[in-house]
Each structure stands twice: as structure tokens, then as C-alpha cells.
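I opened my notebook to look up a few things in one protein model. Here is what I was working from.

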Amino acid sequence: MFSFAGFAQRGGRTDHHADGWGVAFFEGGRNGQHQGLRHFVDHLPACESPIADLVRRYPIKSENVIAHIRKATQGEVSLANCHPFVRELWGHYWVFAHNGDLKSFHPRLHASFHPVGTTDSERAFCYILQELAKSHVGMPAVEELTLTLRELAVRIAPHGTFNF
């Protein structure tokens, strides 16, 4: 039921979020298989992006979609800074998008997760994944994962708006 056409218009035509966009679709994963991921990002406004036209025409069916249109507060407008961000942890894709602005959030990153771009959002994502990997050897139950994420969000939130 996701309206990609309406979403793309908000990226620069009907809203001021014109600093890039992205969308990730999880597909498959039936009968114990891992889900695949289609991931598209562009630094152009979604309303002008040829990649958005491709996504609009492509018959993607998914029960799990994460989409983001960017209004840059940190980091230049570039492909590396477009959300959603994707990483692997415990043999699964993890997708992250963030609305907000985290001032003075520069955690020590010492594990396998480091930002490619220069956004506070990707930095927060890498920190979350690093701390999840330290806290759990493998994929925890949803209830346990929720508790850990809640603890991590409380550590990050004092730095600014942290909607993710």
C-alpha cells in the first residue's frame, strides 16, 4: 500500500526535503530463508531522480519498506550521505533511517562498523550495530533486542532529536 509516487513528490516538490532520498525493500524470506534486500538511494531530490522513476515503474512487492527523504543538517549532499543505510549483522541485513540532528555525537567506533559518509545518522547506526554485536553473540529474541535498543536510544537521545 506504499505510495511511492506521493513519497517522491515530497522529495523537493511538495516539501522542502530535497537533499537526497532512499528506499529499501525486504523481499523473500519464506520457509526459513533469509530475506533479500533491494536498496536504492540518490543524492538528487526524489521528485527529479531518474532512479525514483525506475523504482516507481518496478513492480516491487514487500511487507517491509523503509523509505527516507533527506533534509541535510550534517554532512554534504552526496550519495554516501543518503538514507537508508544498510549493514550486515548476524547474517541479516539491517536498514536504518533517522530524522533529527545529533549535536556532538561522536562515539568511539572500534568494531566492524564505520560510517562511509559524514552524517550523524550513519554514525548513530554504526554505534548501534557495534553495541548490539557487543551485547549479543547472535540474533536475540525480539523482546531482548527491543530492550537493548531502548537502552542505546537513551544514550543517544540527549545529543538531539533522534527519531529512527
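**Ground rules.** The model is predicted, so I took local features only at pLDDT of at least 70 and side-chain atom pairs only at pLDDT 80 or more, while totals for chains, interfaces and linings use all residues. Residues are numbered from 1 along each chain as its sequence is written, and side-chain values use heavy atoms, with hydrogens and water left out.

**Helix pair.** I looked up how helix H3 (residues 120-135) and helix H4 (residues 142-156) pack: the angle is about 135°, and the axes are 11 Å apart. Helices (H or I, at least four residues) and strands (E, at least two) are DSSP runs, numbered from the N terminus. Axes are lines fitted to C-alpha atoms, for helices over the stretch in contact, and angles run from 0 to 180 degrees between N-to-C directions. H3 and H4 are therefore oblique to each other (under 35 degrees is roughly parallel, over 145 roughly antiparallel, 65 to 115 roughly perpendicular, the rest oblique).

Which residues in H3 meet H4? I found Tyr127, Ile128, Glu131, Leu132 and Ser135, where contact means heavy atoms within 4.5 Å. On the H4 side, I noted Leu149 and Leu152 among them.

I put the largest pocket down at about 450 Å³. A pocket is an open set of points on a 1 Å grid where a 1.4 Å probe fits, with protein on both sides within 12 Å along at least five of seven lines; lining residues have an atom within 4 Å of a point. A volume is the space filled by probe spheres set on the points. Of the 19 lining residues, Phe26, Ile66, Tyr93, Trp94 and Val95 are the closest to the centre. Strand E5 (92-96) gives the most to the lining, with 5 residues.

**Backbone.** I spotted a cis peptide bond between His83 and Pro84, with omega about -5°. Pro84 is in the loop between E3 and strand E4 (85-89). Trp90 has a positive phi of about 55° although it is not a glycine, and I placed Trp90 in the loop between E4 and E5.
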